[in-house]
Amino acid sequence: MAPFYAPCSRRQAQARICDGSIPVPADQFDPSFRAWNRCNMLVHSWILNSVSESIAQSLIFMENAIDVWNDLRERFSQSDLVRISELQQEIYAMKQESRTVTEFYSDLKLLWEELEIYLPIPNCSCRIRCTCEAMRQARTNHTLLYIVRFLTGLNEHFSMVKSHILLMDPLPPMNKVFSLVLQHERQGNFYPTDESKALLNAAKSKGFPPKNRICTYCGKDNHIVENCFKKYGLPPHLRPKPSTVNNAALEGGIEATPSSSSASSSTSPTITQDQGLQLISLLQNSFPNQDLANAASNQVDSNDFTGHTSVNQVNLISVSQLCKLAKYSVKFNGFQCFIHDQDTKMMIGSADVFDGLYNLRLADKELTTVRLLLAVASTKHWFLHQLDVNNAFLHGDLEENVYMTIPEGITPPQPNQMCKLQKSLYGLKQASRKWYEKLTSLLLHEGYKQSSSDYSLFTLHSDSHFTALLVYVDDIILAGTSMTEFDRIKSILDTNFKIKDLGPLKYFLGLEVAQSREGLIISQRKYCLDLLKDSGLLGSKPASTPLDPAVKLHNDAGKLYEDISSYRRLIGRLLYLTNTRPDISFAVQQLSQFLHKPTMVHFNAACRVVRYLKHNPGRGLLFSRHSDTQLLGFADADWAGCIETRRSTSGYCFFLGSSLVSWKAKKQLTVSRSSSEAEYRALSTATCELIWLLFLMKDLSIQCSKQPIIYCDSQSAIHIASNPVFHERTKHLEIDCHLVREKVQQGLLRLLPISTDDQLADCLTKPLAAPKFNSFISKLGLFDIYEPKLEGGC
């Protein structure tokens, strides 16, 4: 009798041994017993080596492979819902990250095939072939989910090929999809690890501390002295929160005794008075060499719109010079005017009438100075008062000869005569500049020094008291330690200009100021409610977030929004609201890019921002009285966030202790080759803002209690800033980006790592889901004193 394995292959014989189709020879002297025994021992050994050691121990005493196989089948062939749940979680959470396309595909396929073992696609068992093609469609949908999951898990490098594949009709099979992605990887020369991890590994190879580290400052492990919270302080979101301010009684003034300042203010340099050139420089910096698709503003500062005309940056003569030198055209339409680029015919700004003047919506540092001053005043328990100058522009003295036509109703003694102006008038293009010059000369004569960081800030420092005076056209804030000095300067200003003393600060430039024992809160509740009413969304359903994370705004070819002027007005009002609402800064930054050609998608997104504001119209910034004076910053970037230009979005925010004073969301000017480069550019922008804040604090005679810190969630960006060995990888960056490295080496600031979950600037760079967004907003220090609160355990 021929051996049983003669007519078949070895694999077929092994399978027949396991399923019992080849029985065990009854007689050991049977000629086929030796061949059967050899195959049995081979299969038995394979099975034992294929299972875990603990399972193999329970099978070692079974001699026949069929017995081992049956035992395993009885134990593990049952459907395991727990394992199915684990597989689905692993499949949908898997990302490519540092793996190659081949490695990622292999890992995903392994999980997918294991899931198919537990949940196989059933086969049609009908005797007559089905005509509805339901089973074939089920298999096609199954393959479609497999392809989509594979494409979704790829890195951002493959966004182009992903879009190309998903647009194919019909969709190619899985093997073809893998081949296309693999070819794209080879053509793009993408390395297995991104630059961020390569730099991090290089840093570790250069001798960075190992994982088990001991801090030489506090003696604790798992960190080093450069990251020690005990030495540099906790981030704002990790510090204990003060007692609730919702139930604190609002007061008109501050009861605490003012404390004196110790540092002396800096000397005042020469002041540039050419306000028109300042405006032109400001606009050119905001729109440097932009093309037709991106000529609209893409910058949203924490103070992009102001309700009054700034005397040191906006006046009518500046608009005239703007048209001549910057090649912009200004069109007047009733109570509004619009600024357009003469070449592209694209709108870049607008203005509304206020007190007979058109007030441009321009980005300046004025309201950041206001927030910093209020935060310092709250911490130092300074007095805060407000003044208003009556008919401010009428006090300016004219140095040149200005003539005007004789008003109606007055008959000149001789024909063809004109009036020569002796004083400035409203509507005169020199009016704002002359008023500012006269006020400045008076304050300098009284011993005040003008800040070199903000020309509208004046300070007076002596051994016994300190006073700061912040001017915004005809509105003035007084902050300081001495009420005697307040009375003196009020008397001088009233003698020269006739002022209105409004008492303790309560309402300034549309900002509502509420003071209590716990701190000072600024909000724009009335402005927000007026916006809801004017937009017709007062009765709409509130939205949980400003932007839908699933929607990417871009210049699409959808239906245009007919009333473009109303869209621009809405965005302009939202811009002004960002002065106290950092939670909508990124959303408004995105929407402001489509002022030239908004579609219904953009208008609906803007309405969603307004519906989000309905949740908490009274939400504002809290400046705690228990805060220290350390500057803490957070810098982040969303790499290649713009799907059209592939430029990244930078975001940063700065705290004075636990009080948020400055923030920004802005699209970067150039395309970054990697996420490390984008993060490094964001660090550079944040460093410039930190330097300016330090200058302002110096003018306010405030010293930082500890070294300023900027937190960044990119290890590679931190290594670039602190280790010059990475010049080869960053030699294409602009020189100004390396300002970060210079300031770190000078000891001006310190860069510390932080996890992405604690990166507060993340909400300024991308739209987030509601849970994560609300978590970040709560850490920014936003409170709503108007929100009703239940007590008594309800």
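This is a predicted model: local features need pLDDT of at least 70, side-chain atom pairs count only at pLDDT 80 or more; totals for chains, interfaces and linings use all residues.

Biologist: Where does H381 sit?

Modeller: H381 is in the loop between α14 (366–380) and β6 (383–389). Its phi is positive, about 60°, although H381 is not a glycine.

Biologist: What about S701, where is that and what is its phi?

Modeller: S701 is in the loop between α21 (675–699) and β21 (709–712). Phi of S701 is near 60°, again a positive value in a residue other than glycine.

Biologist: And is S701 buried or exposed?

Modeller: S701 has a relative accessible area of 4%, so it is buried.

Biologist: Which residues does the cis peptide bond join?

Modeller: D169 and P170, with omega at about 0°. P170 is in the loop between α8 (159–166) and α9 (174–188).

Biologist: OK, zoom out. How many helices and strands in the chain?

Modeller: The chain has 25 helices and 23 strands. Of its 794 residues, 50% count as buried.

Biologist: What share of the contacts comes from residues 24 or more positions apart?

Modeller: They make up 72% of the chain's contacts, taking those with a separation of 6 or more.

Biologist: Now helix packing. How do α17 and α18 cross?

Modeller: The axes of α17 (residues 525–534) and α18 (residues 564–577) come within 11 Å and cross at roughly 165°. That angle is over 145°, so α17 is roughly antiparallel to α18.

Biologist: Left-handed or right-handed?

Modeller: The crossing of α17 and α18 is left-handed.

Biologist: Which residues meet there?

Modeller: From α17, Y527, C528, D530, L531 and D534; from α18, L570, R573, L574, Y576 and L577. The residues of this contact divide into seven nonpolar, three charged and no polar.

Biologist: What does α20 pack against?

Modeller: The buried residues of α20 pack against α17 and α18, and also against α19 (585–591), β17 (619–624) and α25 (770–779).

Biologist: How many residues of α20 are buried?

Modeller: 10 of its 14, so α20 is mostly covered. Among the buried ones are H602, F603, R608, Y612 and L613.

Biologist: How far does α20 reach from its first C-alpha to its last?

Modeller: α20 (residues 600–613) reaches 20 Å, close to the 20 Å expected at 1.5 Å a residue.

Biologist: Switching to strands. Where does S659 lie?

Modeller: S659 lies in strand β20 (residues 659–667). Its relative accessibility is 0%, so S659 counts as buried.

Biologist: What does S659 touch, leaving out residues up to four places away in sequence?

Modeller: S659 touches A375, L622, F623, S624, S627 and F654.

Biologist: And how far is S659 from L374?

Modeller: Their C-alpha atoms are separated by 9.9 Å, while S659 and L374 are 285 residues apart along the chain.

Biologist: Good, that covers my list.

Definitions and conventions
Residues are numbered from 1 along each chain as its sequence is written. Side-chain values use heavy atoms; hydrogens and water are left out. Axes are lines fitted to C-alpha atoms, for helices over the stretch in contact, and angles run from 0 to 180 degrees between N-to-C directions. Helices (H or I, at least four residues) and strands (E, at least two) are DSSP runs, numbered from the N terminus. Angles under 35 degrees count as roughly parallel, over 145 as roughly antiparallel, 65 to 115 as roughly perpendicular and the rest as oblique. A crossing is left-handed if the near helix is turned anticlockwise from the far one by less than a right angle, and right-handed if clockwise. Contact means heavy atoms within 4.5 Å. Ala, Val, Leu, Ile, Met, Phe, Trp, Tyr, Cys and Pro count as nonpolar, Asp, Glu, Lys and Arg as charged, and the others, Gly among them, as polar. Buried means under 20% relative accessible area, exposed over 50%, partly exposed in between (1.4 Å probe, protein chains only). The expected span of a helix is 1.5 Å times one less than its number of residues.
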